[in-house]
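I opened this notebook to record what I looked up, entry by entry. The sequence and model come before the notes.

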Amino acid sequence: MLAKQEARAAAGEAAKAAIGSFQEPLDVLQGLIDLTSSDYLTQSEQNLMMMPDSPAQWVAMDGETLFSEPRGPNNVSLEECDFGKGPGVLEGAYVELPRYFEDTGKVMDLETRLVHCMVTLQGFSPDDPEVAQRHGSGSDHMKLQTYIASQSSGFAWNLPLDHPMEKALRDAGEVMFYRRAGKADFACSTCHAETGKRIRASVLPNKNIPQEWTKAISWPAFRVGHDHVRSSQHRLMECYWQMRQAGPMPGSDASIALLSYWTDAARGQPAILPDMKR
């Protein structure tokens with residue numbers, strides 16, 4: 001056990017040295033604001049004031065407990081789950097997702113990888129509430145996702161594109177981002193490819209401004225209007241609902257493709273994890 005802990009710590013330090021180091025979410029955001037006069041980054045003074053006490057921090061703390069607790073029919077913890085940097089290594093892992101995993105032969109994001117480990121490692125059934133309930137601050141899924149992602153706050157987004165499937169899904173995501181469809185003839189780019197777009201009073205992020213886009217894709221985040229922490233997959237589902245289109249199934253290749261393109265578009269920018277949004 002001690003040897004495993006030392007190995008995980010060493011791998012974590014190596015990951016930090018490779019692509020960055022931990023920073024508090026508010027410090028990351030303030031650094032981005034100092035670099036640009038973006039209306040999107042500064043539109044909510046109240047959110048900036050509340051970030052140090054974000055309810056997402058409590059959700060992450062619950063997730064830390066769940067992560068190390070032996071659970072499921074197999075009574076093992078998630079410390080043996082590999083999120084891309086080795087079993088149990090979380091520092092800098094989230095900013096390199098989605099990525100290809102040899103053991104599944106698939107490109108996976110955080111949510112699908114977590115499901116894989118809960119089922120194959122801990123022995124949960126896909127229908128067990130621990131696995132099936134994906135949304136809401138009280139769900140095990142949201143607690144675990146928030147904790148795991150928070151270990152990458154301040155690290156630069158660094159989507160791997162070494163495997164052909166990683167590149168194929170990233171390219172498919174780009175096509176989906178610009179493809180207009182549905183009765184409103186909307187695409188993701190309709191709202192997120194120019195500065196000055198709004199939905200009612202809310203300023204929308206421009207994908208072509210990296211300092212804005214890193215905040216846009218920094219999920220999990222506490223949604224003040226929902227009073228819950230939400231995930232990337234939830235944001236994707238909500239965007240498609242707002243476009244009045246039938247969205248991709250959560251965890252499907254189509255959803256992973258869009259998340260791959262989102263992440264590649266923010267490459268090199270520091271992640272804000274967990275974030276707070278309107």
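Is Asp227 buried or exposed? I found that Asp227 counts as exposed, because its relative accessibility is 54%. The classes I use are buried for under 20% relative accessible area, exposed for over 50%, and partly exposed in between, with a 1.4 Å probe and protein chains only.

**Ground rules**

I am working with a predicted model, in which local features need pLDDT of at least 70, side-chain atom pairs count only at pLDDT 80 or more, and totals for chains, interfaces and linings use all residues. I number residues from 1 along each chain as its sequence is written, and side-chain values use heavy atoms, with hydrogens and water left out.

**Backbone entries**

I looked up phi for Asp227 and noted a positive value of about 60°, although Asp227 is not a glycine. Asp227 sits in the loop between S5 and S6. I take helices (H or I, at least four residues) and strands (E, at least two) as DSSP runs, numbered from the N terminus.

Arg244 also went into the notes: its phi is positive, near 60°, and it is a residue other than glycine. I place Arg244 in the loop between helix H11 (232-242) and helix H12 (253-265). Arg244 counts as partly exposed because its relative accessibility is 45%.

I then checked omega. The bond from Leu97 to Pro98 is a cis peptide, with omega near 0°, and Pro98 belongs to the loop between H4 and S1. From Trp219 to Pro220 the peptide bond is cis, with omega near 10°. Pro220 lies in the loop between helix H10 (210-216) and S5.

**Sheet**

I traced an open sheet of three strands in the order S6-S5-S7, with mixed pairing. Its edge strands are S6 (228-230) and S7 (275-277), each of which pairs on one side only. I count two strands as paired if DSSP finds at least two bridges between them. Strand S5 (residues 221-223) and S6 run antiparallel and are joined by three bridges. Within this pairing, I noted His228 in S6 as the bridge partner of Arg223.

**Cysteines**

How many disulfides does the count come to? I get one disulfide, the rule being a pair of cysteine sulfur atoms within 2.5 Å. The pair is Cys81 and Cys117, with sulfur atoms 2.0 Å apart.

Cys191 counts as buried because its relative accessibility is 16%. Cys239 is in no disulfide either, and its nearest cysteine sulfur, that of Cys188, is 6.5 Å away. Cys239 is buried, with a relative accessible area of 16%.

**Salt bridges**

I searched the whole structure and found 15 salt bridges, each a side-chain nitrogen of Lys or Arg within 4 Å of a carboxyl oxygen of Asp or Glu.

Asp171 and Lys167 form one, at 3.0 Å from N to O. Both lie in helix H8 (residues 164-178), four residues apart, about one turn of the helix. I class Asp171 as partly exposed because its relative accessible area is 30%, and Lys167 as partly exposed because its relative accessibility is 44%. Asp171 also forms a salt bridge with Arg170, the closest N and O atoms being 3.2 Å apart. Arg170 is buried, with a relative accessible area of 16%. I noted the network of salt bridges that links Lys167, Arg170, Asp171, Glu174, Asp264 and Arg267.

Asp275 forms a salt bridge with Lys215, and their closest N and O atoms are 2.8 Å apart. This pair links distant parts of the chain, with Asp275 in strand S7 and Lys215 in helix H10, 60 residues apart. Asp275 counts as buried because its relative accessibility is 0%. Lys215 counts as buried because its relative accessibility is 8%.
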